[in-house]
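Subject: Structure for your set-up

Dear colleague,

Please find the structure we spoke about below, followed by notes on what was found in it.

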Amino acid sequence: MNHVARPAPPIARPIPLHCLPLTDATVLELYEHVFAPWVKMLGLREFTVSPGVVSAVLPQNDALKFSSGAVCGQAIMAAIDTVVSLSMATTGRAPKGTVYQHTHFLRPAVNDDFYVRAEVLRFGKASAFAETRVSFASTGELVAHASLEFAF
């Protein structure tokens with residue numbers, strides 16, 4: 001048998017603990033450190049942080065749209081997961097990752113920026129639960145709603 005040498009898996013970079021609990025002052029540093037380049041390409045901006053709550057703006061971006069002009073649901077779900085991940089870091093503990101995400105899309109995401117607001121409903125010992133609302137930035141009309149669970 002021929003065995004092919006495989007490269008060693010990348011070494012995980014630890015979360016910068018000085019960023020925890022997450023605040024307005026540390027959110028950009030943690031965001032830049034933790035998330036993959038393709039997540040950063042979503043262009044999330046205008047982060048605001050308070051205990052258990054993080055919000056951000058997902059700007060219009062033609063690269064995220066279908067030919068119909070609507071933003072792809074996968075991009076919206078990635079924005080939701082990203083903002084919720086940050087809301088989980090508003091305690092002194094670093095979350096391990098998403099366990100569950102259920103998203104309802106209520107209308108096509110077209111012709112506007114989007115306000116993404118995640119609120120942790122319950123911090124538990126091993127997991128936490130959150131809900132996220134995605135709305136049109138100009139009108140506040142609800143575009144999507146998600147429920148998530150994170151592991152600690």
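Predicted model: local features only at pLDDT ≥ 70, side-chain atom pairs only at ≥ 80, totals over all residues.

**Around T132**

Leaving aside its neighbours within four places in sequence, T132 is in contact (heavy atoms within 4.5 Å) with I80, V84, V116, R117, A118, A144, H145, A146 and L148. T132 is found in strand β5, residues 127-136, and at 0% relative accessibility it counts as buried, where buried means under 20% relative accessible area, exposed over 50% and partly exposed in between, with a 1.4 Å probe and protein chains only.

Residues are numbered from 1 along each chain as its sequence is written, and side-chain values use heavy atoms, with hydrogens and water left out.

**The chain as a whole**

The protein chain has 3 helices and 6 strands, which run α-α-β-β-α-β-β-β-β from the N terminus on; helices (H or I, at least four residues) and strands (E, at least two) are DSSP runs, numbered from the N terminus. Along the principal axes, the C-alpha atoms fill a box of roughly 55 × 45 × 25 Å. Of the 152 residues in the protein chain, 43% are buried, and among contacts with a separation of 6 or more, 60% are between residues 24 or more positions apart. The accessible surface comes to about 8700 Å², of which 59% belongs to carbon and sulfur atoms, the areas coming from the Shrake-Rupley method with a 1.4 Å probe and, for residues, only the protein chains shown counting as cover.

**Helix α1**

In helix α1, residues 27-34, the residues V27, L30 and Y31 are buried. Seen down the axis of α1, these buried residues fall within an arc of 100°, so they line one face of the helix, the arc being that of the directions from the helix axis to the C-beta atoms. The buried residues of α1 pack against α2 (37-40), β1 (45-50) and α3 (73-88).

**Cysteines**

With a disulfide taken as a pair of cysteine sulfur atoms within 2.5 Å, the count comes to 0 disulfides. C19 is buried, with a relative accessible area of 0%, and C72 also counts as buried, at 14% relative accessibility.
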